[in-house]
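Please look at the sequence and the model shown below.

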Amino acid sequence: MSIKLNKPAIIIYCYDLERNSSLNNVLWGIEEEGVPYILEKTSEKCSIKLSHKAAKESKLGVGIGIGNDSSICLHYSKLNLDDYLFKINLNSNEEQLRAIGSNAARLIKGISFKEIL
């Protein structure tokens with residue numbers, strides 16, 4: 001684990017770190033809620049596995065995984081691998097992408113999730 005992963009933040013593990021509008025919208029959703037995040041590249045390809053690992057390694061217990069399976073998954077450290085909170089397509093609309101980022105932050109803040117349609 002890198003030293004920067006020791007700070008309290010949402011951890012985001014991403015198979016491909018290419019900054020595109022999908023990734024940016026997820027990050028903006030987190031930023032709008034005022035919670036820090038750490039974005040790391042990884043060789044794992046499954047968004048569910050990535051999000052579960054990220055949540056387990058996050059000091060805040062919340063992780064997001066973006067795999068090469070065209071999906072984004074939000075996980076909580078106290079849940080089993082297949083019991084993730086949200087999973088959406090990487091090509092979802094801007095509101096859905098921002099909502100998954102926002103919901104990661106809202107989980108930490110203990111407030112209601114935004115609806116993801």
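Ile-10 has a relative accessibility of 0%, so this residue counts as buried; buried means under 20% relative accessible area, exposed means over 50%, and partly exposed lies in between, with a 1.4 Å probe and protein chains only. The structure is a predicted model, in which local features need pLDDT of at least 70 and side-chain atom pairs count only at pLDDT 80 or more, whereas totals for chains, interfaces and linings use all residues. Residues are numbered from 1 along each chain as its sequence is written, and side-chain values use heavy atoms, with hydrogens and water left out.

Ile-10 belongs to strand S1. Helices (H or I, at least four residues) and strands (E, at least two) are DSSP runs, numbered from the N terminus. Setting aside neighbours within four places in sequence, Ile-10 is in contact with residues including Ile-30, Val-35, Ile-38, Leu-60, Ile-64, Ala-104 and Ile-108; contact means heavy atoms within 4.5 Å. Ala-104 is 94 residues from Ile-10 along the chain, yet their C-alpha atoms are separated by 7.4 Å.

How many helices and strands does the protein have? There are three helices and five strands, and along the sequence they follow the pattern β-α-β-α-β-β-β-α. The radius of gyration is 12 Å, close to the 13 Å that the globule rule gives for 117 residues, so the protein is as compact as a globular protein of that length. This radius is taken over C-alpha atoms, and the globule rule is 2.2 Å times the number of residues to the power 0.38. Along the principal axes, the C-alpha atoms fill a box of roughly 35 × 30 × 25 Å. Of the 117 residues, 49% count as buried. Among contacts between residues at least 6 apart in sequence, 56% join residues at least 24 apart.

The interior comes next. In soluble globular proteins, nonpolar side chains tend to be buried together. In this protein the largest nonpolar core has 23 residues, and Ile-10, Ile-12, Ile-64, Ile-66, Ile-72, Leu-74 and Ile-100 have the most contacts inside it. A nonpolar core is a set of buried Ala, Val, Leu, Ile, Met, Phe, Trp, Tyr and Cys residues joined through side-chain atoms within 4.5 Å. At least two residues of this core come from each of strand S1 (10-14), helix H1 (21-32), strand S3 (62-66), strand S4 (71-76), strand S5 (86-89) and helix H3 (94-109). H3 gives the largest share, five residues.

Ile-72 lies in strand S4 and, at 0% relative accessibility, counts as buried. Not counting residues up to four places away in sequence, Ile-72 touches residues including Val-26, Ile-64, Ile-66, Phe-86, Ile-88, Leu-97 and Ile-100. With neighbours within four places again left aside, the contacts of Ile-66 include Ile-12, Leu-23, Ser-47, Leu-50, Ile-72 and Leu-90.

Which residues of helix H2 are buried? In H2 (residues 47-57), they are Ser-47, Ile-48, Leu-50, Ser-51, His-52, Ala-54 and Ala-55. The cover over the buried residues of H2 includes S1, S3, S4 and S5.

Ser-22 lies in helix H1 and, at 10% relative accessibility, counts as buried. Leaving aside neighbours within four places in sequence, Ser-22 is in contact with Leu-90 and Leu-97. Ser-22 and Glu-94 are 72 residues apart in sequence, and 7.3 Å apart in space from C-alpha to C-alpha. Ser-70, by contrast, lies in the loop between S3 and S4 and is partly exposed, with a relative accessible area of 36%. Most residues other than glycine have a negative phi. Ser-70 has a positive phi of about 60° although it is not a glycine.

Glu-18 is found in the loop between S1 and H1. Is Glu-18 buried or exposed? Glu-18 is exposed, with a relative accessible area of 51%. The protein has 15 positive and 14 negative side chains, and the centres of the two sets lie 6 Å apart. Lys and Arg count as positive and Asp and Glu as negative, while His and the chain ends are not counted; the place of a charge is NZ of Lys, CZ of Arg, CG of Asp or CD of Glu.
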